[in-house]
Amino acid sequence: MTALETLYPPYDGTEPYLHLCFAEASGKKVRALLRRLSARGVRVWYASGAAADRGELERRERRMLSADLTVVYLDEAFRGDASAKSRLLACQRTGQPVVCLNTDGGDSGLSIGLHATAAEIKLNPIDSVKDTERALLHAEGFSQALIGEPVKRKRSGLKIFTRVLIAAAVLLVAAGALWFFLLRPERQDEILSQSDTVTFADKTVRETVRRTLGGGILTEERLSEITVLHFGGALPEDLSDLSMLPALETVEITQSAAKDAYSLHPELSAYTVVLIGGADG
């Protein structure tokens, strides 16, 4: 079974159907037309690939000659494909109605042996597959009896996997955007500070207090739990906010921050100051 037959299996039932006759080299070109016809419910049989044995060759001939209509997909490849032209001539010998989709405006007479009585649809290079489908549905010889239930094509595992990957990528990007705009640390600080019931003038003090409490919203009740406050780097310029911590007893600062600490921050004289670590605590 060819890749084309896997995607769009040739009709194998007993109801009226059309025979799509095309060159082997044009398999990819007819794929879009097969997709539209299949979705509409048009019953289409076609031959693709070499027959495995004589029995398969005879089965193909029976199916071809039993069609209610032959539709020729005419392009330059068809004109050079002896097998495709042979199928067309066989169908014409039985008096089967023929519609020729002339896709390139080239010769449709001597080069392929198309009867003068056959319906010919001359397409423009700019015509879409939708235009081709519409022209075929309104062509002489096409009957509504050829249309049945639309075929629901099974999705390949690769396509499903690809779509899952795309969906996962979209979710990942959305999560990244959410983190950047809402959940990044800076934004978290802004959101939390808007919910605090107490206000600190100095951001460094505020976030040191929040870190000491393990995060969350700052309230007077929670501030009363703090007895030790640890500053791991340089001291803030303004330590007046320490007065908002009623239970605070000890302030831990680094040795490098201790230089001129009392002269710059007289507020520290109210607490036990403990030197820790080195330059960065």
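Trainee: What does the secondary structure of the protein chain come to?

Mentor: There are 11 helices and eight strands. Keep in mind that this is a predicted model.

Trainee: How much of the chain counts as buried?

Mentor: Of its 281 residues, 36% count as buried.

Trainee: And contacts with a separation of 6 or more: what share comes from residues 24 or more positions apart?

Mentor: Those residues account for 57% of such contacts.

Trainee: Aromatics next. How many aromatic pairs does a search of the whole structure find?

Mentor: Two. One is Tyr 11 with Tyr 17: the ring centres are 5.7 Å apart and the planes meet at 50°, so this pair is tilted.

Trainee: Are those two tyrosines buried or exposed?

Mentor: Both Tyr 11 and Tyr 17 are buried.

Trainee: Which residues form the other pair?

Mentor: Phe 22 and Tyr 46. That pair is tilted too, at 5.8 Å centre to centre with 45° between the planes.

Trainee: Which parts does the Phe 22 and Tyr 46 pair tie together?

Mentor: Two loops. Phe 22 is in the one between strand S1 (18–21) and helix H2 (27–40), and Tyr 46 is in the one between strand S2 (44–45) and helix H3 (54–65), so the pair links parts that are 24 residues apart in sequence.

Trainee: Why does Tyr 46 count as buried?

Mentor: Its relative accessibility is 2%, and the cut-off for buried is under 20%. Phe 22 is buried as well, with a relative accessible area of 1%.

Trainee: Back to Tyr 11. Where is its place?

Mentor: Tyr 11 is in the loop between helix H1 (3–7) and S1. Its relative accessible area is 17%, so Tyr 11 is buried.

Trainee: What does Tyr 11 touch, not counting residues up to four places away in sequence?

Mentor: Tyr 17, Arg 43, Val 44, Trp 45 and Arg 63. The charged end of Arg 43 sits over the ring of Tyr 11, 5.9 Å from the ring centre. Trp 45 is 34 residues from Tyr 11 in sequence, yet their C-alpha atoms are 4.8 Å apart.

Trainee: New topic: the largest pocket. What volume does it have?

Mentor: About 350 Å³.

Trainee: How does the lining of the largest pocket split by class?

Mentor: It has 10 nonpolar, four polar and six charged residues.

Trainee: Now Ser 26. Where is that?

Mentor: Ser 26 is in the loop between S1 and H2. Ser 26 counts as buried, at 0% relative accessibility. Setting aside residues up to four places away in sequence, Ser 26 touches Asp 75 and Ala 77.

Trainee: Last one, Pro 150. Where is Pro 150 found?

Mentor: In the loop between helix H6 (129–137) and helix H7 (157–183). Pro 150 counts as partly exposed, at 46% relative accessibility.

Trainee: What is Pro 150 in contact with, leaving aside neighbours within four places in sequence?

Mentor: Ser 38, Ala 39, Arg 40 and Gly 41. Also look at Val 42: it is 108 residues from Pro 150 along the chain, with 7.3 Å between their C-alpha atoms.

How values were computed:
Residues are numbered from 1 along each chain as its sequence is written. This is a predicted model: local features need pLDDT of at least 70, side-chain atom pairs count only at pLDDT 80 or more; totals for chains, interfaces and linings use all residues. Side-chain values use heavy atoms; hydrogens and water are left out. Rings of Phe, Tyr and Trp (its six-membered ring) pair if their centres lie within 6.5 Å; planes under 30 degrees apart count as stacked, over 60 as edge-to-face and the rest as tilted. Buried means under 20% relative accessible area, exposed over 50%, partly exposed in between (1.4 Å probe, protein chains only). Helices (H or I, at least four residues) and strands (E, at least two) are DSSP runs, numbered from the N terminus. A charge sits over a ring if NZ of Lys or CZ of Arg is within 6 Å of the ring centre and within 35 degrees of the ring normal. On a 1 Å grid over the protein atoms alone, a cavity is a set of points where a 1.4 Å probe fits but cannot get out, and a pocket is an open set with protein on both sides within 12 Å along at least five of seven lines; lining residues have an atom within 4 Å of a point. Grid points are joined across faces, edges and corners, and a volume is the space filled by probe spheres set on the points. Ala, Val, Leu, Ile, Met, Phe, Trp, Tyr, Cys and Pro count as nonpolar, Asp, Glu, Lys and Arg as charged, and the others, Gly among them, as polar. Contact means heavy atoms within 4.5 Å.
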